[in-house]
Amino acid sequence: MRERELTPTMPVRAASPPWSSVLTGSQRDAALSVAREVTGRITDGRRVAEALGKAGRQTRFPEVMRWLPYSVAEGDAGIAVLCSYLDQWRPGLGWDSVGHDFLAAGVRAAERIRPRNAGLYSGLSGLAFAAISLSRDGTRYQRLLDVLDAELAPHILTAAETLRGTRLGVPVESFDLVSGASGMAARLLVRDQHSLLPELLEALVRLALPVGAEPGWGTPPELLHESQRQAYPTGNMNCGLAHGVPGLLAVLSLALRAGLEEPGQADAVRAVADWLVEHRSDDAWGVNWPCAVPLPDPRGALPRGWPLPARSAWCYGSPGVARALWLAGETLDDDGLRDLAVEAVAAVMRRPLDARSINSPTFCHGVAGLLQVVLRFAHDTRLPFLTGAAKQLVSQLLAAYDPDRPVGFASLEPGDNPVDRVGLLDGAAGVALVLLAAGTDAEPTWDRLFLLS
């Protein structure tokens with residue numbers, strides 16, 4: 001690792017106004033009541049065991065239906081994050097102790113399995129994020145965090161070196177939020193004891209700056225998963241916040257806003273933002289983006305049937321892209337990017353519910369994720385129509401609550417198949433977190449996990 005420090009060349013922006021609930025009266029009471037009930041179930045071992053057992057029988061995708069205790073996306077570490085937010089909102093009620101038990105379960109599993117995965121969602125970066133969240137501003141878990149930092153360091157350096165050695169063609173998991181360098185960088189923005197963030201930022205900047213006709217972060221067909229290879233036989237450039245270049249844009253922008261800059265970083269933010277603006281794919285309701293842009297074939301032609309429609313979700317579609325562009329607009333002080341981002345969210349809310357294609361109440365590709373994006377925009381802009389949009393989405397979530405299910409909410413798989421999932425990314429825990437963010441005055445700093453702040 002090279003001995004150097006980040007250069008704070010851009011001014012750190014003034015603090016945002018305090019977070020405040022968008023809800024009032026009976027709707028706020030209902031949202032908090034449901035969130036409390038769901039949280040009580042999620043932290044009840046008997047209820048969780050019941051839900052996990054049912055989910056294994058209900059799902060049509062058993063190969064991905066597994067509970068990893070050290071995973072922040074689908075494991076005990078994610079429940080620890082939920083507990084940390086409750087402790088932040090209502091300290092003194094014992095949620096720190098409840099969260100400690102879930103964090104300890106995640107740590108024990110990591111010690112037993114020894115995962116080599118440094119990713120944010122299913123790896124040790126996420127477990128570290130959970131520990132940081134519960135640490136009460138760094139006053140707790142120092143020994144654990146030191147151990148995790150030391151364990152992660154070589155994996156992060158390898159990830160950065162791999163990206164630096166790559167030009168023209170990468171698998172998304174090498175740089176994305178969920179598994180790759182963007183997610184690792186998002187965690188390091190919170191705590192970076194070994195000064196590893198410069199390594200990742202430099203690698204991401206090199207990847208983001210264009211080389212030749214196409215961006216270097218495109219994925220050729222041989223590096224795509226089989227299902228995507230059929231849809232994109234020439235390869236593609238991924239436009240999802242979870243798996244594509246918006247995540248890279250968001251983390252580079254957040255680092256700049258924190259006053260942390262590598263050479264070329266502002267140019268990289270501009271280049272990626274301009275690419276996303278250029279590759280809009282509007283629909284009847286307004287601004288939109290596809291899931292991915294196909295790489296042209298050797299003759300420069302694009303496949304038939306493009307663009308493929310995207311759902312209006314956090315993971316893929318205009319909500320996630322809009323948030324990344326907003327962060328870039330804040331960083332570059334670009335009203336055009338900010339206005340486009342707000343208009344994209346407005347277009348989402350103009351779409352009929354069936355056109356949004358997010359029937360599930362959950363975070364990743366459901367209503368909760370869209371709601372958290374809208375909450376962030378409502379807080380940043382103070383626009384009344386966004387407050388109204390948030391209230392509509394809260395009503396949609398409350399209507400999906402089913403007290404007869406083990407944890408109150410079911411994740412809907414394709415074909416609207418209900419599955420009793422528990423976790424943060426695709427289960428009831430993520431719904432509870434967002435309802436709390438809508439109904440309380442506690443800053444939802446946990447959404448750094450989703451690159452929304």
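To see the lining, select Asp149, Arg187, Leu188, Asp192, Gln193, His194 and Leu196. The volume inside is about 30 Å³. On a 1 Å grid over the protein atoms alone, a cavity is a set of points where a 1.4 Å probe fits but cannot get out, while a pocket is an open set with protein on both sides within 12 Å along at least five of seven lines; lining residues have an atom within 4 Å of a point. Grid points are joined across faces, edges and corners, and the volume is the space filled by probe spheres set on them.

Before you go on, remember that this is a predicted model: local features need pLDDT of at least 70, side-chain atom pairs count only at pLDDT 80 or more, and totals for chains, interfaces and linings use all residues. Numbering runs from 1 along each chain as its sequence is written, and side-chain values use heavy atoms, with hydrogens and water left out.

Now colour by pLDDT, the predictor's confidence in each residue, from 0 to 100. The protein's mean is 93, and 94% of its residues reach 70 or more. Residues 1-14 are below 50, yet this stretch has 37 contacts in the model beyond near neighbours in sequence. (A contact means heavy atoms within 4.5 Å.)

Next, select the largest pocket, about 1500 Å³ in volume. Of its 46 lining residues, Val64, His243, Cys364, Leu425 and Asp426 are the closest to its centre. Strand E3 gives the most to this lining, with three residues. Strands (E, at least two residues) and helices (H or I, at least four) are DSSP runs, numbered from the N terminus.

Then pick glycine 183, in helix H7 (residues 181-188). Is glycine 183 buried or exposed? It counts as buried because its relative accessibility is 0%; buried means under 20% relative accessible area, exposed over 50%, and partly exposed in between (1.4 Å probe, protein chains only). Leaving out residues up to four places away in sequence, glycine 183 touches Leu120, Asp176 and Leu177.

Last stop: leucine 325. Not counting residues up to four places away in sequence, its contacts include Leu249, Trp289 and Leu337.
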